[in-house]
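Please look at the sequence and the structure before reading on.

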Amino acid sequence: MSATRFSESVSGSIRDGVLVITIDNAPVNATSAHVRQGLVKAVDHAVAVGTVIGVVVTGAGRTFVGGADIKEFGMPPVEPTLPEVMSRIENCRKPVVAAINGAALGGGCEIALACHGRIAAEAASIGMPEVKLGIVPGAGGTQRLPRLTGTIAAIDLIGSGRTVKPEEALRLGLVDGIATDQMSTAIALARGMASGPLRRTGGIQIATPDASAVDAAAKKVLAKARGQAAPAEAVRLVRAASETSLEDGLADERATFLRLRDSLEAAALRHVFFAERQAGKVSKLEGIAPRMVETVGIVGTGLMGAGIAVAALTAGYRVVGIEQSEDAAAKGRERISGILDKAVQSGRLSDLARTACLDRLQVAADAGRLAAADLVVEAVFDDLTVKTELFQRLDGIVRPGAILATNTSYLNPDEIASATAHAERVVGLHFFSPANVMRLVEVVDCRATAPDVLASALAFAKKLGKLPIVSGVTEGFIGNRIFSAYRREAEFMIEDGAAPDQVDAALETYGFPMGIFNVYDMAGLEIAWARRKRQAATRDPNARYVEIADRLCEAGRFGRKTGKGWYDYSSSEKAVDPAVSVLIEAARTAKGIVPRTFTSGEIVERLLRAMADEGKSLLEEGIAARSSDIDLVMINGYGFPAHKGGPMFVADTYA
Ligand code: 3H9
């Protein structure tokens with residue numbers, strides 16, 4: 001077997017007369033310039049050498065090709081472009097087969113599409129997630145995929161950016177086979193193709209799609225797009241593939257890709273992509289091994305505790321849930337199995353996995369069972385005395401190496417920790433509700449938290465499939481502190497003349513799924529009211545304070561669950577309530593405020609600025625490690641639209 005190097009990342013060796021080209025560009029075999037150059041040289045080499053009868057392309061390691069090199073976006077172009085590589089592969093007169101060993105994403109999927117045959121390993125995953133980066137596929141994906149799968153499946157896959165497993169890829173016609181030894185199968189396929197005419201994807205005629213089914217598929221994609229440009233463009237390009245020539249379709253796709261790549265929306269989504277990969281990296285933890293966690297204790301199996309239990313069970317942990325009575329324990333178990341049942345019904349969990357989860361679950365009224373836990377998460381009522389007493393009790397139950405995590409949202413975890421015998425083993429794990437669904441977890445690095453305890457909390461959150469963001473100790477941590485500043489600013493504008501529904505509409509047009517007063521009503525107004533009452537004695541008397549929310553609470557308007565809050569819910573739809581307008585008017589009059597008008601632009605600008613200013617303070621105080629962490633908290637916990645990049649990204653971009 002002779003080996004040839006075509007570039008620093010592309011090499012080839014001959015097997016059974018077939019040139020096996022391997023792309024080796026760690027970490028994800030992205031199609032950086034040297035990969036593209038190597039691929040072209042390798043294909044040219046295969047054509048030139050008479051003894052080579054075919055080509056197989058594969059990736060080194062766990063990935064086939066993770067896509068275009070996103071880090072190259074915005075840099076001066078280097079030849080050849082990825083579309084040129086595709087054209088070289090598709091037009092090669094010898095058969096080229098993709099041996100898809102792992103993830104074939106974006107440009108990686110496009111390479112596979114340009115080949116004459118595709119064999120997937122069982123571990124492969126295939127998709128074009130470009131829309132999640134604010135772009136469309138730029139190397140033929142929108143034109144070649146519908147030629148293999150039909151228009152409707154292509155609209156779904158490219159428009160949503162979802163990834164498919166080999167079985168679905170085979171069903172859709174995206175791959176020709178699945179094999180345990182994908183390399184030998186791909187070589188055999190290439191050899192078998194050597195004598196016949198090649199099936200070039202670009203030359204396949206697309207069957208005329210059913211217009212109403214196409215409309216329905218497009219509608220489904222656009223409904224989730226929240227006004228972003230890329231999904232709509234992706235749908236347009238896929239539809240065009242059945243109406244225009246390959247050449248025209250490719251030209252349109254390339255122009256659209258380049259335009260979107262340079263858009264602010266794409267820059268924002270790239271920022272989010274890299275921010276997620278940075279999140280949870282803490283330099284002081286380098287070389288620190290996390291503790292072994294196999295059994296997780298959860299104290300309190302209400303909505304939050306049950307959600308955490310489900311997240312831990314589905315990640316493979318044993319879970320011991322603790323309640324105060326046998327009756328509450330039985331209810332807790334029911335709540336947890338109810339959430340698992342729903343996951344089975346929606347197809348997110350198999351029946352087998354559900355049974356395995358329940359086998360790993362105990363819910364009891366006996367706190368002594370926590371002696372088996374490596375990590376205990378408390379999810380009890382957010383009250384300092386309740387939590388402190390619990391942690392003191394846990395000192396006498398858990399084993400010395402066990403970690404104690406508090407799920408408080410507003411209390412000071414340093415105070416809870418200092419009341420225990422071993423403050424160094426206390427950490428904060430602030431989950432968002434519902435905890436089995438929401439990705440964000442604020443991992444609170446308390447004053448005394450030991451480095452390996454922090455490392456363990458991060459590893460635990462990652463194993464749950466969550467996005468952990470480290471926060472220092474401050475009232476409300478990163479998210480709720482920014483949320484408070486944002487809410488304060490919104491209330492200032494209400495007092496100054498804006499209407500709650502106007503503020504909400506401005507935020508929803510910007511891309512938030514829900515405006516702040518709507519969120520407020522959903523969450524309930526009473527918790528924040530109780531906190532304001534607690535803080536009343538220590539509040540700066542000179543600081544501006546808006547009393548409207550207090551008046552709403554005094555009138556029993558606690559939000560949706562009481563049928564009234566900032567809005568009225570007495571009919572099934574939320575409605576503006578004249579009684580709230582009267583209450584707001586009265587608050588303005590009491591302070592002698594003459595209401596003025598606000599534009600939607602001003603409303604959004606002021607709210608974004610309030611968030612970014614608070615974020616800046618968090619950075620200065622060392623509560624957040626990096627501004628991109630703040631963006632991720634707001635995107636994943638508070639509905640900030642990802643395609644805008646987060647409040648800090650916006651502030652930096654427009655600075
Ligand atoms: C595209 O293809 C456009 C084309 O249609 C047209 C072109 C003309 N580039 O996620 P991980 C880095 S657009 C550069 O933790 P995993 C990442 O930053 C692209 N770097 O690994 C991280 O770096 P660091 C379409 C990339 O094993 C490291 O690799 N493709 C890229 O959990 C490890 O990443 C996508 O959108 C990239 N494309 O998951 C796929 N990808 O260590 C994006 C990753 O310095 N990638 N990095 O922090 C992924 O989904 C995952 O990385 C993957 C591996 C599933 C591949």
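Which residues are linked with Glu233 in a network of salt bridges? The network consists of Glu233, Arg236, Asp252 and Arg259, where a salt bridge is a side-chain nitrogen of Lys or Arg within 4 Å of a carboxyl oxygen of Asp or Glu. By this rule the count comes to 40 salt bridges. Side chains of opposite charge can pair when their charged atoms come close.

This is a predicted model, in which local features need pLDDT of at least 70 and side-chain atom pairs count only at pLDDT 80 or more, whereas totals for chains, interfaces and linings use all residues. Residues are numbered from 1 along each chain as its sequence is written, and side-chain values use heavy atoms, with hydrogens and water left out.

| Pair | N to O distance |
|---|---|
| Glu90 and Arg144 | 3.0 Å |
| Arg439 and Glu276 | 3.1 Å |
| Asp629 and Arg626 | 3.4 Å |

In the salt bridge between Glu90 and Arg144, Glu90 belongs to helix H2 (residues 82-90) and Arg144 to helix H4 (residues 141-149), so the pair ties together parts that are 54 residues apart in sequence. Helices (H or I, at least four residues) and strands (E, at least two) are DSSP runs, numbered from the N terminus. Glu90 is buried at 5% relative accessibility, and Arg144 is likewise buried at 3%; here buried means under 20% relative accessible area, exposed over 50%, and partly exposed in between, with a 1.4 Å probe and protein chains only.

The salt bridge of Arg439 with Glu276 also links distant parts of the chain, given that Arg439 sits in the loop between strand E17 (426-431) and strand E18 (440-444), while Glu276 is in helix H11 (residues 264-278), 163 residues apart. Arg439 is partly exposed at 34% relative accessibility, and Glu276 is partly exposed with a relative accessible area of 24%. Asp629, the partner of Arg626, counts as buried at 2% relative accessibility.

Beyond these pairs, Gln362 is placed in strand E14 (residues 361-364) and is partly exposed, with a relative accessible area of 35%. When its neighbours within four places in sequence are left aside, Gln362 is in contact with Val319, Val320, Gly321 and Arg369, contact meaning heavy atoms within 4.5 Å. For Gln362 and Val319, which are 43 residues apart along the chain, the C-alpha atoms are separated by 6.3 Å.
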